[in-house]
Amino acid sequence: MIYDTLENLSRYSGIAPEAVNALLKTLPEFSADAPAGKTVLIEDKLFILVQHNVTRNSCDGKIETHADFADLQMLVKGDELIGYADVSELETLEPYNKEGDYAFYAQCTGKTVLLPLKPGNFAIFFPGEGHMPGCGNGTEVVKIVVKIHKSLLTF
């Protein structure tokens, strides 16, 4: 997991060069007014999702993991808390779904760290890392999620 500010994003280009470079080029196109939807940068390997959501109480959330994709998550409007947890210590709620590339786990307050996500910073969750996006107190957010296929990762 990486948690940092957008001004430092280029520092991570060695981890996923194609993804970071493409994101740095396209990032200025996305604003709080961006419509929800998907932008494909590399077919089946790299895409950007623009989401319009309302945050929810963290107690109502589930931890998710992915096996094939890393998530780079950032906000362009609003703020939320995003959870991070070691899923090896959590109860499986829904086993891995290959078609959807996800598994869900029970959120456990004592084992979940909540990170503040605001415009200007980002978090990257690598395949297998538990994360719980969308936590907060009912505020509206506009979020960009960059899905990076594991074949684009250099480690």
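Trainee: How do the residues of the lining of the largest pocket divide into nonpolar, polar and charged?

Mentor: In this predicted model, the lining divides into five nonpolar, four polar and six charged residues. The largest pocket is lined by 15 residues, and its volume is about 260 Å³.

Trainee: Which residues lie nearest the centre of the largest pocket, and what are they counted as?

Mentor: Q51, E64, Q73, P133 and V145 lie nearest its centre.

Trainee: What makes something a cavity and not a pocket?

Mentor: In a cavity, a 1.4 Å probe fits but cannot get out, whereas a pocket is an open set of points. The search of the whole structure finds one cavity of 30 Å³ or more. The volume of the largest cavity is about 50 Å³.

Trainee: How do you know what kind of residues line the largest cavity?

Mentor: Look at who they are: Y12, I15, A16, V20, L72, I124, F126, I148 and L153. Tyr, Ile, Ala, Val, Leu and Phe count as nonpolar, so the lining of the largest cavity has nine nonpolar, no polar and no charged residues.

Trainee: Let's pick a residue. Why is N121 called buried?

Mentor: Buried means under 20% relative accessible area. N121 has 10%, so N121 is buried. You will find N121 in strand β10 (residues 121–125).

Trainee: What makes the pairing of N121 with P116 a polar contact?

Mentor: The cut-off is 3.5 Å between N or O atoms. A polar atom of the N121 side chain lies 3.3 Å from the backbone oxygen of P116, so that distance is within the cut-off. The N121 side chain also reaches the backbone nitrogen of K118, at 2.8 Å.

Trainee: Which residues does N121 touch, leaving out those up to four places away in sequence?

Mentor: They are Y3, D4, T5, L6, Q73, M74, L75 and P116.

Trainee: M74 is on that list. How do you know whether M74 is buried or exposed?

Mentor: The relative accessible area of M74 is 2%, which is under 20%, so M74 is buried. M74 sits in strand β5. Beyond its neighbours within four places in sequence, M74 is in contact with L6, L27, L117, N121, F122, V142, K143 and I144.

Trainee: What makes their phi angles worth a remark?

Mentor: Most residues other than glycine have a negative phi. D44, not a glycine, has a positive phi of about 65 degrees, and D101, not a glycine either, has a positive phi of about 55 degrees.

Trainee: How confident is the predictor in this chain?

Mentor: The average pLDDT is 92, and 100% of the residues score at least 70.

How values were computed: Residues are numbered from 1 along each chain as its sequence is written. This is a predicted model: local features need pLDDT of at least 70, side-chain atom pairs count only at pLDDT 80 or more; totals for chains, interfaces and linings use all residues. Side-chain values use heavy atoms; hydrogens and water are left out. On a 1 Å grid over the protein atoms alone, a cavity is a set of points where a 1.4 Å probe fits but cannot get out, and a pocket is an open set with protein on both sides within 12 Å along at least five of seven lines; lining residues have an atom within 4 Å of a point. Grid points are joined across faces, edges and corners, and a volume is the space filled by probe spheres set on the points. Helices (H or I, at least four residues) and strands (E, at least two) are DSSP runs, numbered from the N terminus. Buried means under 20% relative accessible area, exposed over 50%, partly exposed in between (1.4 Å probe, protein chains only). A polar contact is a pair of N or O atoms within 3.5 Å; within protein, one must be able to donate a hydrogen and the other to accept it, and residues adjacent in sequence count only if both atoms are side-chain atoms. Contact means heavy atoms within 4.5 Å. pLDDT is the predictor's confidence in each residue, from 0 to 100.
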